[in-house]
Amino acid sequence: MTSLNAELRVFYEARQQQIPAEVRQVMQRAGQELADSGQVDRALTAGERAPGFRLPSVTGQTVALEGLIAEGPVVLTFYRGAWCPYCNIALRALQQHHTDITARDARLVAVSPQIPDESLSLAEKHSLTFDVLSDIGSDTAKQYGLAFDLPDDLAAVYEKLGFDLQRVNDGHPRTLPLPATYVIDREGVIRWAFVNSDYTKRAEPSDIIAALDALS
């Protein structure tokens, strides 16, 4: 089976051929600035306590970390939004491994800064069977050290590409989370972490499964 990051790389290379050179330059410069900013080093990592949250799901429920870990370990993944094709590929891969995750008595939860209505189209589109939560304003992402603001030129590029972040992020168009996935144990401690400034790279489902196996 092809790894998730191999699939993402193939998509990235095809995508690059479709994007004008000046747009690629803006994206690459913004990506390098984010990598150089030290944001990844400020994010929470293994051994630290996971901040609690209470967030609305696409089905109108309120989901709290406290309630989740009372039932078992949690796989918490942060993604940019339904408008991001890399996020869609990553969430599809997680869905394909969802049975492996639940077989280990763990709960998978995906969080984005989008309003529930926008996240719901994503859940419907990919028939996701795990919780998809809305972190409007990225307050939870900030607690995990993941939130950052898009630079002006990249925000303008996204707007030109038709990504209406002003609307889908409910008035918080510039703030996004770094791609990140955490395995949190029943005590609320982060036992495994993946954080990357490059949105074209994501946690491998096989590594998540291995981290869950290591808990027992």
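Hi everyone. By class, the lining of the largest cavity comes to 12 nonpolar, 2 polar and 1 charged residues, where Ala, Val, Leu, Ile, Met, Phe, Trp, Tyr, Cys and Pro count as nonpolar, Asp, Glu, Lys and Arg as charged, and the others, Gly among them, as polar. A word on the source: this is a predicted model, in which local features need pLDDT of at least 70 and side-chain atom pairs count only at pLDDT 80 or more, while totals for chains, interfaces and linings use all residues. Residues are numbered from 1 along each chain as its sequence is written, and side-chain values use heavy atoms, with hydrogens and water left out.

Back to the cavity. The structure holds 1 cavity of 30 Å³ or more, and the volume of the largest cavity is about 90 Å³. On a 1 Å grid over the protein atoms alone, a cavity is a set of points where a 1.4 Å probe fits but cannot get out, a pocket is an open set with protein on both sides within 12 Å along at least five of seven lines, and lining residues have an atom within 4 Å of a point. Grid points are joined across faces, edges and corners, and a volume is the space filled by probe spheres set on the points.

Of the 15 residues lining this cavity, T77, A90, L94, T181 and R202 lie nearest its centre. Helix 5 brings the largest share of the lining, 4 residues; strand 3, helix 5 and strand 8 each supply at least two. Helices (H or I, at least four residues) and strands (E, at least two) are DSSP runs, numbered from the N terminus.

Now let's look at strand 3. Why is strand 3 largely enclosed by the rest of the structure? Because 5 of the 5 residues in this strand, residues 74-78, are buried, meaning under 20% relative accessible area with a 1.4 Å probe, protein chains only. In a regular strand the side chains alternate between the two faces of the sheet. Here V74, L76 and F78 are buried on one side, and V75 and T77 on the other.

And the neighbours? Strand 3 runs parallel to strand 4 (residues 107-112), joined by 5 bridges, with L76 opposite V109. Strand 8 (residues 180-184) pairs with strand 3 in the antiparallel sense over 5 bridges, and T77 stands opposite T181. Pairing takes at least two DSSP bridges between two strands.

Finally, the largest pocket: its volume is about 590 Å³. Among its 35 lining residues, M27, G31, D198, Y199 and T200 are the closest to its centre. Helix 2 gives the most to that lining, with 9 residues. Thanks, everyone!

Key:
Buried < 20%, exposed > 50% of the residue type's maximum accessible area, 1.4 Å probe, protein only.
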